[in-house]
Amino acid sequence: MRIYADNAATTKMSRRAIDAMIPYMEEAYGNPSSLYELGQQAKEAIETARADIARLIHANPQEITFTSGGSEADNQALLSAAARGKREGKMHIVSSAFEHHAILHTLKKLEQEGFRVTLADVHEDGLIRPEEVEEAITEDTCLVTIMYANNEIGTIQPVGEIGKICREKGVLFHTDAVQAMGHLPVDVEKDNIDMLSASAHKFHGPKGCGFLYVKKGIPLRNLIEGGAQERGKRAGTENVPAIVSMAEALKETVEGQAENTARQREQRDRLIEGLSSIEHSALNGDASKRLPGNVNFCFEGIEGESLLLLLDDKGISASSGSACTSGSLDPSHVLLAIGRVHDVAHGSLRLTLGEDITAEETDYLIASVREVVTYLRSFSPIWRDLTEGKKPFIL
Ligand SMILES: *Cc1c(COP(=O)(O)O)cnc(C)c1O
């Protein structure tokens, strides 16, 4: 059996999303800035895509700017809000410790430029408390940026409550909605969201394409100088096939959302139940306020990377927050933020299910993880120390 269980890293493009691209490579391949028919067809296609995307998140078409993906949208949102803050003498930003690196690294850069950043606490359940965000806001705060749903542990943040607080206090609210888009209903109007980032490849669209929603009246700072594309806010010839495909992918995921997420939730909960029966294991993040396809566990006494390699041998693609896979000495900043100690965080496993997951596949995932964890523990020196009482169990 082959199971792709790493949908938080990227998703397979849907047939509809692929088919939507082809005419804009084969036939209507003109430059949208050109005045002749071939160019105008392309121009019309991106404007239709913009209107479709806007409608799906309850925004206006002028409020959508196309980008090269989630990272660019995050950078542009933060740098725009910071530039406005600086002009107004407001140099304080509120965020959280478990944001994506596209946010955290941009915040680091802003700190070097003199901004002050307060990171709201992420509690053990993987959730941020709106009242703590409120307490962190000062007279100098120009921006609150809190992710919609976390990419590692899948926890869904109270964005509506945070949006309400920010609106009342007159502070801009940005949310990185890359993991939520397509998988949860997103409504920027209802939730008082001023800026939002999304990425096509996380909802079955193409890689290298995303969008930034910015509420009317909020000035955008452009990161790329050049032509007048995207109202002068993002220079460069538009990636027409990808933009058209992204809109199609979003329409498709939103259309199937209720049915697909119900199926995913059922399998997610079965998987959580199955993995919980492995001794000295624990689910990371709240069990119900989480993305429909996200399961993230820590298993004591093992190393996440070995777990991934052995699961790969069984045809399972998964991910881990262990140090080796994150490319640094420290394990995942998300797991550390929710209070997991290093040893425990090293033995983490993230399985992110697709919309088409079946009960049979879930059973295979449970059996495979159980087998691999047992095998790795059988020769793990840490596990031996734990079972011999030389070290106390944490989980
Ligand atoms: C994937 C991801 C990003 C980055 O998006 P790209 O399109 O790959 O640049 C940003 N934030 C979150 C939460 C993500 O999951």
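Of the 13 residues around the ligand, which come nearest? This set of close-ups of a predicted model starts with that question and then moves out to the domains.

**View 1. The residues around the ligand.** S71, D176, Q179, S199 and K202 come nearest to the ligand, out of 13 residues around it.

**View 2. Two domains side by side.** Domain 1 covers residues 15-255, and domain 2 covers residues 257-387. Their C-alpha centres are 29 Å apart. Where the domains meet, 29 residues of domain 1 are in contact with 20 residues of domain 2.

**View 3. The area buried between the domains.** The size of an interface is often given as the accessible area lost when the parts come together. For domain 1 and domain 2, that buried area is about 2000 Å², with 53% of it on carbon and sulfur atoms. On the side of domain 1, look for E152, I153 and H183: this trio supplies 33% of the area that domain 1 buries against domain 2, more than any other three residues.

**View 4. Polar pairs and elements at the domain interface.** How many salt bridges does the rule find across the interface of domain 1 and domain 2? The count is 0, whereas 15 residue pairs are in polar contact across this interface. On the side of domain 1 that touches domain 2, the elements giving two or more residues are α5 (101-112) and α8 (240-276). Helix α8 gives the most, with 3 residues. By residue type, this side of domain 1 holds 12 nonpolar, 12 polar and 5 charged residues.

**View 5. A salt bridge within helix α3.** The rule counts 22 salt bridges in the model. One to look at pairs D52 with R55, whose closest N and O atoms are 2.7 Å apart. Both D52 and R55 belong to helix α3 (residues 37-56), where they sit 3 residues apart, about one turn of the helix.

Definitions and conventions. Residues are numbered from 1 along each chain as its sequence is written. This is a predicted model: local features need pLDDT of at least 70, side-chain atom pairs count only at pLDDT 80 or more; totals for chains, interfaces and linings use all residues. Side-chain values use heavy atoms; hydrogens and water are left out. Domain bounds come from an automatic or database domain assignment. Contact means heavy atoms within 4.5 Å. Buried area is the accessible area (1.4 Å probe) that two parts lose on being put together, summed over both. A salt bridge is a side-chain nitrogen of Lys or Arg within 4 Å of a carboxyl oxygen of Asp or Glu. A polar contact is a pair of N or O atoms within 3.5 Å; within protein, one must be able to donate a hydrogen and the other to accept it, and residues adjacent in sequence count only if both atoms are side-chain atoms. Helices (H or I, at least four residues) and strands (E, at least two) are DSSP runs, numbered from the N terminus. Ala, Val, Leu, Ile, Met, Phe, Trp, Tyr, Cys and Pro count as nonpolar, Asp, Glu, Lys and Arg as charged, and the others, Gly among them, as polar. A residue is near a molecule or strand if one of its heavy atoms lies within 4 Å of it.
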